[in-house]
Amino acid sequence: MAQSTAGGRVGGRPAGYDGRPARYGQDIGEPGRSPDAATGTQTGGQEPAGGGQPRQRADKSRVDEWMEVEFRFGGSRIKRKAVALVVLGAPALVPLLFMSPALVTLNSTTFSVSVDDTLGTGAELCLFVCLLVTPLVTLTGQRWFVPLRRWYGIMMACCAIGDATAAGITDNFAGGVFGRLAGHTFVLIGFIMVMLVIPLLITGNPWAQKKLGRYWKRLHRLIYLIWALLAAHLVLLEGFGFQRGSNGSGFAGDGDPVFHQRLYQYSACSLFLLVLRLPPAKRWIAARQKEGRTWLVYATVLPLFALFVFGFTFILNEEIFKGMDSFAEHPSAE
Amino acid sequence: MSQAHAPRAPEQTTAGRVILAASSCLAAVLVIAGLLYAAGTGQRHQAALAAAGCEPGLSPSGLPCTTAQMLASQYTAIMTPASQQLDADMAAYTASERHHLAAAEAALTAEVTAENTFDASLAGIEFPPAIAPMARALIRADQARAKLIAEQARSSSLARLRSFNHRVQAASAAVQAQMTLILKAIDTPPQAG
């Protein structure tokens with residue numbers, strides 16, 4: 001079979017769809033696994049094999065191939081994929097944009113009141129988009145959007161580091177910089193997350209991938225620890241998800257405590273991202289795709305994806321609401 | 001078709017099927033519950049506003065109805081960091097007012113900046129009609145104080161610098177009085193605004 005020559009095949013099986021790790025350089029869609037994927041240089045011939053799912057494979061290849069087509073713009077030749085990636089990647093800059101006026105005017109009030117909500121929530125959104133790429137590859141077989149994983153990972157790190165830096169300078173907790181960064185358990189967990197994200201940011205480039213070799217993949221699995229620590233951070237921040245009077249993010253004064261609870265939002269988003277990473281679930285999806293019953297996969301996963309969208313929408317709503325206030329330098333502490 | 005391409009045996013994918021089916025059912029229940037809950041958002045919002053003594057129907061057109069909690073939250077959000085900054089600047093001024101003119105002037109300049117930031121933030125809050133005049137009076141008193149401190153910061157000697165202290169204290173008392181009024185007013189559930 002012609003497709004069996006594709007680089008992603010391990011032991012005659014489509015790499016990554018059987019839950020086993022692929023060799024270095026054979027992207028199976030885990031976050032940041034493939035240098036090619038991370039740098040966006042992967043070509044159609046280097047994609048993970050999908051030979052076991054011929055009909056679907058052909059469809060997906062068409063989308064990826066369509067994205068590879070160049071068009072002329074102002075004397076230059078630009079790939080459709082590049083335009084799509086720029087459009088889809090641009091929102092990652094928005095959290096930093098929201099805080100930029102306060103940075104330019106050195107408005108400590110805005111930083112003190114809303115940097116956690118603007119950059120912290122922005123980092124959470126970027127993390128979820130970064131983690132969303134792998135399940136979408138598993139589901140669709142398309143790979144043209146894989147470079148977004150690296151981009152959103154980098155922006156997640158930038159937002160998180162910006163949040164910690166601003167909080168360390170402007171937060172109201174006692175005990176100086178140390179107290180502001182580690183004076184409470186949830187703040188300490190947030191600080192640990194930022195410390196963990198730094199090596200990922202530093203090594204999130206092709207040169208570091210080449211130098212670290214197989215250790216790069218192991219190092220970048222720290223993203224899963226960060227994901228888990230975010231749960232602990234939110235559990236402690238939100239009083240285990242139970243609203244007590246005005247204590248908790250559910251107290252927005254608009255009568256909707258459930259939708260404002262960050263822990264619920266996190267859980268709604270994480271279920272889809274987690275289940276689609278479980279090897280048995282991936283095996284089942286691969287088997288149905290091989291049988292040509294892709295519709296069954298989509299039908300099964302639809303409620304999970306709907307829940308993800310539901311949770312993500314409210315995080316996004318929070319980001320826009322708080323971010324616009326931060327941009328106007330009239331921070332909201334709701 | 002090679003053996004490798006044959007569909008997996010059912011037992012190999014049973015666990016995946018169970019995991020996906022269970023999690024999808026859970027997700028479906030949560031989505032439906034969420035949609036049902038979202039359908040009652042309007043009523044809950046009205047109830048929250050009514051509980052806070054705020055009737056949306058009485059709001060001036062184009063202005064949201066602000067609950068007491070929202071107002072208190074917004075006011076505290078700008079008040080707390082501004083107070084901390086001012087305390088730090090005043091402490092820096094007190095430490096250097098007798099022996100270091102440049103440092104004292106720098107502390108006063110920082111104080112003016114903090115006050116202007118506070119005034120700008122305060123002006124951005126949409127206070128209800130009952131409280132809005134108090135907020136405007138507070139901004140006026142604060143600006144008068146900032147102007148006086150700015151003048152003090154331009155002093156050419158330490159003696160001249162300290163000569164402003166009593167006037168600044170009087171201006172601070174005026175600001176404090178307005179702040180007390182606003183805090184008292186916010187404690188009472190406001191009307192539409």
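In this predicted model, Phe272(A) is buried, with a relative accessibility of 0%. Its aromatic partner is Phe305(A): the two ring centres lie 5.3 Å apart and the planes meet at 65 degrees, so the pair is edge-to-face. A search of the whole structure over all chains returns 11 aromatic pairs, and two of them are described below, together with a cluster of rings.

**The stacked pair Phe259(A)–Phe314(A)**

- Phe259(A) and Phe314(A) form a stacked aromatic pair, with 4.4 Å from centre to centre and 20 degrees between the planes.
- Phe259(A) belongs to helix α12 (residues 257-260) of chain A and Phe314(A) to helix α15 (residues 294-327) of chain A, so this contact ties together parts 55 residues apart in sequence.
- Phe259(A) is buried, at a relative accessible area of 9%.
- Phe314(A) is partly exposed, with 22% relative accessibility; the cut-off for buried is under 20%, so Phe314(A) does not count as buried.

**The edge-to-face pair Phe272(A)–Phe305(A)**

- The angle of 65 degrees between the planes of Phe272(A) and Phe305(A) is over the 60 degrees required for an edge-to-face assignment.
- Phe272(A) lies in helix α13 (residues 262-275) of chain A and Phe305(A) in helix α15 of chain A, so the pair joins parts that are 33 residues apart in sequence.
- Phe305(A) is partly exposed, at 32% relative accessibility, whereas Phe272(A) is buried at 0%.

**The aromatic cluster**

- Ring pairs link Phe259(A), Phe310(A) and Phe314(A) with Tyr37(B) into a cluster.
- Two members of this cluster, Phe259(A) and Phe314(A), are the partners of the stacked pair.

Methods. Residues numbered from 1 in each chain as written. Chains lettered and ligands numbered in written order. Predicted model: local features only at pLDDT ≥ 70, side-chain atom pairs only at ≥ 80, totals over all residues. Heavy atoms only, no water. Phe/Tyr/Trp six-rings, centres within 6.5 Å; stacked < 30°, edge-to-face > 60°. Helix = DSSP H or I, 4+ residues; strand = E, 2+ residues; numbered from the N terminus. Buried < 20%, exposed > 50% of the residue type's maximum accessible area, 1.4 Å probe, protein only.
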